[in-house]
Amino acid sequence: MSLSSVGLSGPVQIIAVLSDGATETPLPRRGALASDGWGDGVLVTFEVDATSVASSLDPTSGIIVTLSGDRTELGSWTGHAIALSDDGTGEDRVAGDDIWTVELELASRGHIEFKYLIGRTSDTTWEGVEFSGDNRLGFVQDADGTGRVLIRGTFGIRDNHHIDP
């Protein structure tokens, strides 16, 4: 697969995550590009393919893909905290393609924990969570100095791809 086939141009940095089925462990970052300014904020686009749960979604009645995580910007684990969209606006490229997207500014780089859910943003429960008891792990680093990072995954599959476009 080429970078252009997924809408990117080089150089990029991909940080792999090893999954053993129960936990995710970031692999060593040997050869990772260096970045100074670790205290600066970074725009992170979360993109999740929700094709496998598309029949459970109904945006017109408010049933959508949401996100919650360990940082204030990610809702501080308050259930359906952050709404993702599949409407072709903002960072979401194509409306109705079951790729749900949100762009958030994280105040700092480093490790994050998060999970995707199906439900309403007004609901603070964990109903519709993709992994009960488990979280996705990520590492946010702006290696190319653009101030932007893309975290791409598939709902219900531990497959985060961190791309620093």
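Let me start with a term: a residue is buried when its relative accessible area is under 20%. Keep that cut-off in mind. This is a predicted model.

First, the overall picture. We have 11 strands and 0 helices. The protein has 165 residues, and 41% of them are buried. Take contacts between residues at least 6 apart in sequence: 64% join residues at least 24 apart.

Now the salt bridges. The whole structure holds 6. Start with Glu47 and Arg152. Their side chains meet at 2.6 Å, N to O. Glu47 sits in strand S4, Arg152 in strand S10, and 105 residues separate them. Is Glu47 buried or exposed? Its relative accessible area is 8%, so Glu47 is buried. Arg152, at 16%, also counts as buried. Arg93 joins in too: Glu47, Arg93 and Arg152 form a salt-bridge network.

Next pair: Glu103 and Arg148, at 2.4 Å, N to O. Glu103 is in strand S7 and Arg148 in strand S10, so this bridge ties together parts 45 residues apart in sequence. Glu103 is partly exposed at 31%. Arg148 is partly exposed at 28%.

Arg109 lies between S7 and S8, Asp142 between S9 and S10, so parts 33 residues apart in sequence are tied together. Arg109 is buried at 9%. Asp142 is buried at 3%.

Last, strand S9, residues 136-140. Of its 5 residues, 4 are buried, so the rest of the structure largely encloses S9. Strand S8 runs antiparallel to S9, joined by 5 bridges. Within that pairing, Ile112 stands opposite Gly138.

Technical notes: Residues numbered from 1 in each chain as written. Predicted model: local features only at pLDDT ≥ 70, side-chain atom pairs only at ≥ 80, totals over all residues. Heavy atoms only, no water. Buried < 20%, exposed > 50% of the residue type's maximum accessible area, 1.4 Å probe, protein only. Helix = DSSP H or I, 4+ residues; strand = E, 2+ residues; numbered from the N terminus. Pairing = 2+ DSSP bridges. Contact = heavy atoms within 4.5 Å. Salt bridge = Lys/Arg side-chain N within 4 Å of Asp/Glu carboxyl O.
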